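Dear colleague,

Please find below the structure that I am handing over to you.

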Amino acid sequence: MIAYENATKRYGAKTALDALTVQVRSGHVTGLLGPNGAGKSTAMRLLLGLDRPTQGGVTIDGVPYARLKQPLRAVGAHLDARSCHPRRSARAHLLGLARHAGLPAGRVDEVIEVVGLESVARRRAGGFSLGMGQRLGIAAALLGDPAVLVLDEPMNGLDTDGVRWIRSLLQSFAAEGRTVLVSSHLMAEMHQTVDRVIVMGKGRLLADCTTRELVASVADVTVLRTPDLAGLDGLVEALEREGMSAEREAPGTLSITGGSIERIGDLAFERGVRVHSLSSTPATLEEGYLRLVEDEFEFRRAATPAGETVAIGGAGR
Amino acid sequence: MIRALGAEWGKTFSILSPLLCLISTVVLVAVTAASLGNDFVHGLSLGEHPAGTTMRVVDVLGPAVQFGLLTFTAAAMTLITSEYSTGSIRSTFQAQPRRWVVLAGKTLVAVALGVVSGAVAGGLGVAAGSLTLAGHAAPAAESAAVTVARVAALFGVVAVLVVALGAIIRSAVGTLSVGLVLLVGMLAMPPSMSVWTPAGAAGRFVTGDGTDYPSVVKLLIVAGWAAAAYAAASVLLERRDA
């Protein structure tokens, strides 16, 4: 388990991480989400002891990274596709890390096989594509067969097969009771991969909940199309009386939230509004995430004095 | 520590540039010594020096070694500056978060490279100087073996200084520039001051110059600078973000 305790990091006048207190649980794939500059990478760098916290700290099963007896066996991490000498071969890069960590050289060949780089293992890493670079980074993360896996944007540059491979890798790790923390901007992909989410904004924690809870915070949207423009006003009134909200997207098209597709169909029928199509789109992680982030920044712009922490959305549900 | 040593040794030779710089160092020292010896003999034949003047082999070796320190700086600094320029330092610190161990491993590898390349460069330099000076060489005060050992020791100490500078400065160009100033540029200072600098002390140590104080003190001066830089590097490495 990873525990952030009041972790704060300032770079000069800029606060990259603002008193983050959160736990990343074992047995789950946890997604770290947030807009650019939210502090995701800083949070990962503090975890790995690469940056020193200004205040507070991070521990892995109670121990800060720098004091882990066998760091690569405890935590495998891949932060940056560019963290290898371009003129060094993939194998030599991994071998250097394995030797530092006291891992057997045979383990290097094993992870090269796991990530599928056997044919290029002796080639210079500088000639690798972004996807191959990602695989090399993931190989380095897997070297110590770690109990905690931390990956920053691992799906960037991977093809569909690669993305599916990462997804099953992460899920199998979590199923074995290990801790997995992964950040990505690919929301659709994260929706399928992670079962818990930590959402950050401007260096602070916005939400820490299950993926399902965050998705449930956004209502499903039902889209109704009708040629009956005259009956539309009456229908909108009827919908709103029942606590739904309806927005006119285009002439004859309503976007309705807050009600079931059956009830919407019944109301249209009762009012004699002819319906051409009625479809419901399930809410996505992307919508839940965007709602949370937008609400946060809207709210802060409108009302909050700078520096005050706001609890919002699915947090703690 | 043994692990860090093995890791850094393997990493050093998994890229070509350190090896190329070391070979350049050896060639540079030998060619410069030969060239200086040849210049002297040529000067004699033109009557620039009185007939019968002789020159010590160490006097052609000293400037040649000082020249070679520049390419050796390039070789030794690669161990650490290339990690910063490529971002691989983050992988290294993940594998070994005790940063002092990483610095010590790199330093020991650099010292080993320095001693070996210094011995080879010194040996070839003495041979090249002796060959070109031939009958015009002044009798040596010390055996060739002692002279070679001086060059090897100097390169070993300079290795510590360079790796420490690399850890402090992090950029390759910056480290090379500062190395150039410390190891050669400071010769431009008045001799009474320059003898206290690595540049002034290095050449005088190789020639076995015992003026002012015993020549071994000159190695200690370079070692003092190296120790100060190493201490600063250790503190900075622990404090700074990677």
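The model is predicted: local features need pLDDT of at least 70 and side-chain atom pairs count only at pLDDT 80 or more, while totals for chains, interfaces and linings use all residues. Residues are numbered from 1 along each chain as its sequence is written, and chains are lettered from A and ligands numbered from 1 in the order in which they are written.

Although B:Ala134 is not a glycine, its phi is positive, at about 45°. This residue sits in the loop between α5 (99-133) and α6 (144-169) of chain B; helices (H or I, at least four residues) and strands (E, at least two) are DSSP runs, numbered from the N terminus.

In chain A, A:Lys202 also is not a glycine and has a positive phi, of about 50°. The loop between β8 (196-201) and β9 (204-210) of chain A holds A:Lys202. A:Lys202 counts as partly exposed because it has 18 C-beta neighbours inside 10 Å.

As to the interface, 23 residues of chain B are in contact with 29 residues of chain A, contact meaning C-beta atoms, placed from the backbone, within 7 Å. On the side of chain B that touches chain A, two or more residues each come from α1 (2-12), α3 (57-86) and α4 (88-95) of chain B. The most come from α4(B), with 7 residues.

Yours sincerely

Key:
Two residues are in contact if their C-beta atoms, placed from the backbone, lie within 7 Å. A residue is buried if 20 or more other C-beta atoms lie within 10 Å of its own, exposed if 12 or fewer, and partly exposed in between; C-beta atoms are placed from the backbone.
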